[in-house]
Amino acid sequence: MTTFLTDLGLSTLNLFVEIAKYLILGLSVAGIMSVLISKAFVARHIGKDNFASVLKASLLGVPLPLCSCGVVPTAAYLRRSGASRPALMGFLISTPQTGMDSIFATYGMLGPLFAIFRPLAALLTGLLGGAISMLAGGKESEEGKLREESTEDQETRGLPEKVRAAVTYAFGEAVDDISVHFLVGLFIAGLITVLIPDDFFAGRMIGSGLPAMLLMVAIGIPMYVCSTSSIPIAVALIAKGISPGAAYVFLVAGPATNAASLAILTKVLGKRQTILYVLSIIIGSLMFGPLMDFIIRITGGMPPVMSAHMHSAGFTWFDYTLAGFLTLLILISLARRFIHMNKTRTDRDASHRNADDSREFTIDGMSCHHCAANVESALKEIPGIKTVQVDLEAKRAVLTGDAEDALIHQAIHNAGYTVVEHPSSGK
């Protein structure tokens, strides 16, 4: 047992040190992107029901650091701003598969071939999904046309404010979004490394080809894993004999979908478009998975595997320094999450005791920090609302004020989420 725990700890630790420098670089670039590319900017360019809008939406989605749950409220905003369904489909498919943080992490852990192939395939899969939506969905109604007045960019911040916002997003919000799932992904990769013998899947039917890729689709679609935290799992799978193409399928299906986001997505796109979305993900991954294996065979560019990262002798002081910095960021994020959770519960209890107008709503679809922030922001904009406490862990919001229930339900719906229980008063 001691040997198992030691091996698990060492494999996880060395993988963490290896990925830290690339993840910090990617987070830094993601912070810059969050300031340079606003939602309003995206919305202005994807309002028409044509392939050009699909191309723009897919291109804009590739570098944005949004996961499969974080992209849903963004999609709801873009839809209300007038984005066409085909363009929205391309955006929804290309965005969660990759981002600037995961591109750098992919380069570090899977090599340059994967780092180039992954965003290009995400773009092409987005174009495929948009084209399918155009062919199957018909022309947009007036509701779907771009409303310029709703997408005016009110960006008036100066350079110091922009720098502060970029740093806050990169080392605050973005870390909050990935911290827990990143650690879970590292732990799963460590378990795969320790429990499964090297090359276990090599030569087996489920190790390569269509059977392996279908298995990755079945595992990845309902699973919640972001584009960054999926990387160590893919590395571990390749080390155990899973083909790079099958690992790529997991890198697509895992980040692009999860059960919670699909449930909410049906309310943004409708059931038909959501089915087309999932089919596009499956078709695209099964198209590019074999292509990845083919490229690997003809180039000999096999990505690095876990065994190449099991020994710490090759690490420098710079690697350990950045790993320490990332550890500090994650610890701060976890502490912030814990403090916020306790404060929310305390505030909710106080509201129940002291406010006659306190109401509690259970909300379906909140999966990350962005989700909770979007709900809180939407509720605070309602006239008559005094206080708002959103509890991400409990999936609920507690409000005080005299706003009508219908307005509250509509605000939550417009943010991309659903009220699943009737409100209860504080007394």
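**Surface first, then the inside**

Guide: The accessible surface of the chain comes to about 18,100 Å², and 66% of that belongs to carbon and sulfur atoms. Keep in mind that this is a predicted model.

Visitor: How many residues does the chain have, and what share of them count as buried?

Guide: There are 427 residues, and 55% of them count as buried. As for the fold, you'll find 15 helices and five strands.

Visitor: Which residues have the most contacts inside the largest nonpolar core?

Guide: A nonpolar core is a set of buried nonpolar residues joined through side-chain atoms. Here the largest one has 85 residues, and Leu92, Phe182, Tyr277 and Leu326 have the most contacts inside it. Helix H1, residues 2-36, gives the most to this core, with 11 residues. There's also a second, separate core of 22 residues, with Phe361, Ala372, Val375 and Leu399 among them.

Visitor: What is Phe182 in contact with, leaving aside its neighbours within four places in sequence?

Guide: Phe182 is in contact with Phe16, Ile19, Leu23, Thr228, Ser229, Leu326 and Ile330. For the chain as a whole, take contacts between residues at least 6 apart in sequence: 85% of those join residues at least 24 apart.

Visitor: Back to the outside. Which residues form a nonpolar patch on the surface?

Guide: Look for Met205, Ile206, Leu215 and Ile219, which together have about 350 Å² of accessible area. Leu215 lies in helix H8, residues 209-220.

Visitor: Why does Leu215 count as partly exposed?

Guide: Partly exposed covers the range between under 20% (buried) and over 50% (exposed). Leu215 is at 33% relative accessibility, so it counts as partly exposed.

Technical notes
Residues are numbered from 1 along each chain as its sequence is written. This is a predicted model: local features need pLDDT of at least 70, side-chain atom pairs count only at pLDDT 80 or more; totals for chains, interfaces and linings use all residues. Side-chain values use heavy atoms; hydrogens and water are left out. Patches are made of residues with over 30% relative accessible area and no salt bridge: like charges are joined within 9 Å, nonpolar side chains (Val, Leu, Ile, Met, Phe, Trp, Tyr) within 5 Å. Accessible areas come from the Shrake-Rupley method with a 1.4 Å probe; for residues, only the protein chains shown count as cover. A salt bridge is a side-chain nitrogen of Lys or Arg within 4 Å of a carboxyl oxygen of Asp or Glu. Helices (H or I, at least four residues) and strands (E, at least two) are DSSP runs, numbered from the N terminus. Buried means under 20% relative accessible area, exposed over 50%, partly exposed in between (1.4 Å probe, protein chains only). A nonpolar core is a set of buried Ala, Val, Leu, Ile, Met, Phe, Trp, Tyr and Cys residues joined through side-chain atoms within 4.5 Å. Contact means heavy atoms within 4.5 Å.
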